[in-house]
Amino acid sequence: MAQLAKNQELEVTIEDLTYEGLGVAKVDGYPLFIENALPGEVALVHVIKVQKQYGFAFVKELRKVSPDRVEVKDKAYTQTGIAPLQHLAYPAQLTFKQNQIEQLFKKQHLDINVLPTIGSPLTTGYRNKAQVPVRMVNGQLETGFYKRRSHQLLPITNFYIQDPEIDKAIVVVRDLLRQYFVPAYDEQTNKGVVRHVMVRRGYYSKQMMVVIVTRTNKLPMMHQLVEGITAALPEVTSIIQNINGDKTNVIMGDRSRTIFGKPYLEDSLLGSTFRISPLSFYQVNPVQTETLYTKAIEAAGLTGEETVIDAYSGIGTISLTMAKHAKHVYGVEIVPEAVNDARVNAEINHIDNVSFVTGKAEEVMTKWKDEKLAADVLMVDPPRKGLAPEFKEAVGVMLPKKIVYVSCNPATLARDIKDLAAYGYKAEQTQPVDMFPQTQHVESVTALTR
Ligand code: SAH
């Protein structure tokens with residue numbers, strides 16, 4: 001093992017990039033993780049931390065520059081994790097994501113062809129949603145983003161990857177909170193009022209929802225805030241107060257009240273209209289979402305005769321799109337507000353061959369299996385932790401002809417494909433679709449058949 005010491009400076013060659021976007025150099029086999037460093041680069045680095053298995057360093061001087069390096073727009077985007085890949089040219093980001101999946105498949109001994117990543121038409125300003133903490137910094141109320149692995153707020157007004165209209169809205173809210181002396185939340189003491197501001201903007205509808213998350217039931221100066229927000233932002237169709245009194249890292253509480261306009265936002269995807277409640281999940285890159293769903297639906301190969309299960313169905317975006325090409329779609333989703341949205345969405349789009357159940361996918365899937373529901377196609381779009389063991393066991397009994405797996409985490413995707421192989425499922429290819437430019441997140445679609 002290398003004898004490295006804190007504050008030591010040395011020249012290293014970067015060999016690899018971690019899934020978090022950190023450069024990796026090996027010093028006599030000892031890995032050093034280095035922010036803002038790319039494979040092939042040679043740098044003089046300063047060691048900041050030495051642990052048993054690995055250490056951390058920062059670049060003091062770049063001595064050989066990668067051809068894939070692009071200009072860093074703002075160090076804050078790396079420090080906060082808003083855009084940890086901002087220094088990597090976009091085509092190289094796409095290859096990086098393809099390689100991530102390839103490596104994880106290889107680790108599980110899976111022989112699956114990973115196609116080139118489909119790039120996002122918008123590589124900045126693409127996010128339709130922002131959730132920003134509100135805190136006092138040096139005696140002033142600020143909105144911004146936490147530094148990575150900390151709760152230290154860095155004030156930011158241009159968030160780079162968010163719809164610029166959302167950035168503007170956050171500044172409007174910040175200035176009103178300052179003007180009316182509405183207290184920011186203080187995490188240390190669990191005092192103060194405004195914890196977060198969440199803004200969503202419909203890409204097609206141009207409707208905007210502003211959610212003010214408070215610790216307290218009362219939002220001081222509520223009427224002045226509503227008046228100020230609607231006067232400055234004519235797109236706002238909905239203002240919600242969400243109450244979260246707990247000492248927690250979870251952003252939203254479970255109580256919401258509409259203090260202006262409608263209790264939901266509307267947007268459309270692939271020609272259908274969707275209502276989205278504040279607590280419901282909605283994909284953040286709207287143009288790429290249409291590509292992702294199109295790929296998933298193609299992979300399902302529907303003819304109009306199939307019984308489909310859409311597990312982790314959210315507000316029913318995939319279910320309703322699939323229902324147009326299937327006999328019946330059964331959706332299951334854990335968040336009651338989202339299920340309610342899904343049912344309303346079926347109604348307003350005049351789709352009646354869908355039904356939605358509120359519950360844990362693993363439990364409802366087990367119940368459906370016991371009831372001998374025979375699905376031809378199983379669509380899954382789970383959160384990062386992937387499929388639960390009970391879910392996979394139920395699949396092993398139900399044995400749908402096809403599984404379409406939309407994944408936001410290639411590590412759990414690889415694990416789940418490996419597990420499903422025990423029931424005879426095999427995949428030929430995986431299609432990565434870049435939903436999150438400038439970040440390390442990797443989304444993909446995989447079809448499995450028996
Ligand atoms: N397919 C939808 C939602 C995908 S996000 C879309 O594309 O919009 C994943 C969804 O799974 C979220 O709506 C989340 O609330 C839900 N979820 C998380 N854990 C779950 C579980 N154990 N059972 C069912 N749904 C779950």
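**View 1. The shell around the ligand, sorted by residue class.** Eight nonpolar, five polar and four charged residues make up this shell. The model is predicted. In total, 17 residues surround the ligand. The closest are Tyr293, Tyr312, Glu333, Ala361 and Asp381.

**View 2. Helices at the ligand.** Two helices are picked out here, α6 and α8. α6 spans 317–323, and α8 spans 361–370. Each supplies at least two residues of the shell around the ligand.

View 3. Which part of tyrosine 312 lies 3.1 Å from a nitrogen atom of the ligand? A backbone N or O atom does. With glutamate 362, an N or O atom in the side chain is 3.3 Å from a ligand nitrogen. Aspartate 381 places a polar side-chain atom 2.9 Å from a nitrogen atom of the ligand. How much of the ligand does the protein bury? Taken alone, the ligand exposes 570 Å², and the protein buries 89% of that.

**View 4. The domains of the chain.** Domain 1 covers 9–69 in the domain assignment. The centres of domain 1 and domain 3, taken over C-alpha atoms, are 37 Å apart.

**View 5. The chain as a whole.** Ten helices and 22 strands occur in the chain. Its C-alpha atoms fill a box of roughly 65 × 60 × 35 Å along the principal axes. A compact globule of 450 residues would have a radius of gyration near 22 Å, so the chain's 24 Å agrees with that. Of the 450 residues, 56% count as buried.

Terms used: Residues are numbered from 1 along each chain as its sequence is written. This is a predicted model: local features need pLDDT of at least 70, side-chain atom pairs count only at pLDDT 80 or more; totals for chains, interfaces and linings use all residues. Side-chain values use heavy atoms; hydrogens and water are left out. A residue is near a molecule or strand if one of its heavy atoms lies within 4 Å of it. A polar contact is a pair of N or O atoms within 3.5 Å; within protein, one must be able to donate a hydrogen and the other to accept it, and residues adjacent in sequence count only if both atoms are side-chain atoms. Accessible areas come from the Shrake-Rupley method with a 1.4 Å probe; for residues, only the protein chains shown count as cover. Helices (H or I, at least four residues) and strands (E, at least two) are DSSP runs, numbered from the N terminus. Ala, Val, Leu, Ile, Met, Phe, Trp, Tyr, Cys and Pro count as nonpolar, Asp, Glu, Lys and Arg as charged, and the others, Gly among them, as polar. Domain bounds come from an automatic or database domain assignment. The radius of gyration is taken over C-alpha atoms; the globule rule is 2.2 Å times the number of residues to the power 0.38. Buried means under 20% relative accessible area, exposed over 50%, partly exposed in between (1.4 Å probe, protein chains only).
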